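Here is a colleague's note to read alongside the sequence and the model. Please take the points in order and look up each place in the structure as you go.

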Amino acid sequence: MKPVISIRAQDFTYIRENGCFYIDKTGFIREWWENGDVVTLITRPRRFGKTLNLSMAEAFFSNQYPHRQELFYGLSIWKEEKYRKLYAGYPVIFLSFAGIKGDTYETARESLIQMILDLYAKYRFLLSGTALNSQEKEYFDYIRPDLSDAVAAMSIHRLALCMYRYYGKKVLIFLDEYDTPLQESYVFGYWEKLVLFLRSMLNYTFKTNPYLERGLLTGITRISKESIFSDISNLEVVTTTSEKYAAAFGFTEQEVTRALEQYGMSAYLDQVRVWYNGFHFGRRKDIYNPWSITKYLDAKKFGPYWMNTSSNKLAGRLIREGSADIKIAMEDLLAGHKIITALDEEIVFEQLEETNESIWSLLLASGYLKVDSVRNVEEEELLYELSFTNLEVKKEFRKMILRWFQNPSTRYNDFIKALLADDVDYMNEYMNQIALQTFSSFDTGKKPSDQSEPERFYHGFVLGLLADLSDQYQITSNRESGLGRYDVIMQPLDQRRKAVIMEFKVFHPAKEKDLTETVKNALNQIADKKYDTELLAKGIQKEQIRHYGFAFAGKTVLIAGSS
């Protein structure tokens with residue numbers, strides 16, 4: 001009988017008690033224990049089994065479940081007497097920051113406080129008996145909705161102390177999705193406040209804690225030590241390029257092959273490879289996203305399952321507001337090419353808007369990109385060759401980019417038709433509408449008045465065009481042609497269609513009297529700089545090339561065309 005596939009089940013006990021589909025990852029327990037690291041941080045993309053593995057580790061080690069050995073019967077960890085003796089041998093504190101979200105610091109802090117309240121309520125039984133002295137018991141009374149930052153920061157440390165007193169053994173502390181509130185705080189602008197709060201809590205929990213046996217944290221990103229882990233010197237960080245735990249998160253090809261056989265779907269292995277293979281952890285090049293495979297086994301049809309599981313707010317913001325170089329590289333990736341860049345897997349959130357390498361590091365950690373090769377260059381610097389992870393990611397990235405730059409109330413397809421039909425009146429109507437409705441949401445950089453911000457929006461809009469017109473046009477931007485660098489060229493794949501050159505210009509009141517003069521300057525630049533040169537060299541006739549100037553001042557746009 002085939003095991004039932006339980007979508008979204010992330011609790012090890014539930015999965016095993018209900019006979020759900022499960023691929024044995026208990027080897028992770030063995031590997032983690034034998035490595036002997038005091039505090040371990042493991043980063044993996046979302047939906048890669050981080051929560052399930054921590055839940056599994058809690059079920060194995062926690063002395064609160066001494067009579068659930070049957071959960072591990074038949075699994076690899078139970079075959080060794082050494083580990084059977086370790087079963088249920090430690091007090092365990094399990095935390096998750098997955099629900100710590102909010103658009104303000106106050107909302108996020110309130111969620112953190114509620115998590116602490118729930119945790120202390122769970123362990124209130126520690127107050128029974130004489131293991132704790134009166135002062136330690138009184139500390140439970142400090143844990144209330146209005147607790148101070150100082151008490152909150154020390155709360156997990158103090159709970160570990162109480163558990164140590166009660167059980168006479170040091171504590172294992174597991175923290176899942178440690179970086180979720182930090183990513184949220186960056187997107188919504190309260191990063192500095194939350195970092196100060198969490199830095200103290202993590203320090204008291206994982207460094208200055210004599211009651212800690214070992215700690216294990218998971219997340220998507222490796223946030224810089226200076227930002228959040230500055231005081232934790234005993235931290236072992238394992239990223240997607242590390243060799244440790246390479247097969248512990250995600251499914252290997254061997255595991256996927258066995259799963260397909262189990263459900264009578266072996267004939268589709270080659271297509272499964274194309275859609276879902278491609279994640280690289282350390283030297284392992286055969287890792288599949290477990291969410292996508294599980295959904296495919298359940299639905300029995302191919303689809304972009306993993307990419308639909310998150311709003312991707314941070315990645316969306318960084319690409320929308322990124323430099324022209326970022327957008328050019330995205331065009332190359334969508335065209336099937338690779339990019340070569342330096343990387344620093346320790347992400348400094350304060351620099352995300354300042355360095356392209358930080359954005360690529362984030363996209364790598366998030367699972368959108370994979371490392372195809374690594375090169376040594378001068379002074380021991382490494383250059384990484386990156387590409388989209390697989391077909392699922394590439395397909396959905398096109399759609400995701402379009403959603404980032406498309407307001408549902410605007411008539412996007414009608415604008416494309418107007419562009420191709422040279423209906424300048426409608427193009428002006430549409431562009432002013434979309435600028436009025438959405439421009440302010442893109443003008444969110446550290447210097448909102450900066451002249452480059454409007455151009456970032458329009459470069460983003462071009463990526464939206466790319467997602468919808470890539471089957472008809474080769475679209476490139478900010479590249480050399482003639483005597484300068486054009487903004488956008490749309491080269492038709494069928495030369496019977498018209499080619500398009502676009503130039504964007506911000507209104508300069510000191511140099512121009514109105515937007516009409518600005519748009520005229522944009523069209524003159526196309527002609528003066530001979531941007532037609534690239535298209536003419538490819539055999540496109542002069543009369544088949546259409547020029548468009550985009551002039552904008554704040555949320556007001558003027559578009560004009562010429563041949």
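1. Of the 563 residues of the protein, 56% count as buried. The model is a predicted one, and in it the protein has 22 helices and 20 strands. Among contacts between residues at least 6 apart in sequence, 71% join residues that are at least 24 apart.

2. Since this is a predicted model, the confidence should be read before the details. The pLDDT of the protein averages 86, and 89% of the residues score at least 70. Confidence is highest in strand 3 (residues 171-176), with a mean of 98, and lowest in helix 20 (residues 452-469), with a mean of 61. Over residues 441-450 the pLDDT is below 50, although this stretch has 19 contacts in the model beyond near neighbours in sequence.

3. How do two helices in contact lie relative to each other? Two packed helices are described by the angle between their axes and by the distance between those axes. For helix 5 (residues 105-122) and helix 9 (residues 191-206), the axes come within 10 Å and cross at roughly 20 degrees. Because angles under 35 degrees count as roughly parallel, helix 5 is roughly parallel to helix 9. The crossing of helix 5 with helix 9 is right-handed. On the side of helix 5 the contact is made by Tyr105, Glu106, Arg109, Leu112, Ile113 and Ile116, and on the side of helix 9 by Lys193, Leu194, Phe197, Leu198 and Met201. The residues of this contact divide into eight nonpolar, no polar and three charged.

4. The axes of helix 2 (residues 27-35) and helix 3 (residues 50-61) come within 10 Å, and they cross at roughly 75 degrees. Angles of 65 to 115 degrees count as roughly perpendicular, and helix 2 and helix 3 are therefore roughly perpendicular to each other. Helix 2 contributes Phe28, Ile29, Trp32 and Trp33 to the contact, while helix 3 contributes Asn53, Met56, Ala57, Phe60 and Phe61. Here the division is eight nonpolar, one polar and no charged residues.

5. Leaving aside residues up to four places away in sequence, Glu184 touches Lys101, Gly102, Tyr190 and Lys313.

6. Ile319 lies in helix 14 (residues 313-320), and it counts as buried because its relative accessibility is 0%. Ile319 and Ile359 are 40 residues apart in sequence, yet in space they are 8.1 Å apart from C-alpha to C-alpha.

7. Lys300 has a phi near 60 degrees, which is a positive value in a residue other than glycine, and it is found in the loop between helix 13 (290-299) and helix 14. With a relative accessible area of 51%, Lys300 is exposed. Asp422 also is not a glycine, and its phi is positive, at about 60 degrees. Asp422 has its place in the loop between helix 18 (412-421) and helix 19 (424-442), and it is partly exposed, with a relative accessible area of 32%.

Technical notes:
Residues numbered from 1 in each chain as written. Predicted model: local features only at pLDDT ≥ 70, side-chain atom pairs only at ≥ 80, totals over all residues. Heavy atoms only, no water. Axes fitted to C-alpha atoms, helices over the stretch in contact; angles between N-to-C directions. Helix = DSSP H or I, 4+ residues; strand = E, 2+ residues; numbered from the N terminus. Parallel < 35°, antiparallel > 145°, perpendicular 65-115°, else oblique. Left-handed = near helix turned anticlockwise from the far one by under 90°. Contact = heavy atoms within 4.5 Å. Nonpolar A, V, L, I, M, F, W, Y, C, P; charged D, E, K, R; others polar. pLDDT = per-residue confidence, 0-100. Buried < 20%, exposed > 50% of the residue type's maximum accessible area, 1.4 Å probe, protein only.
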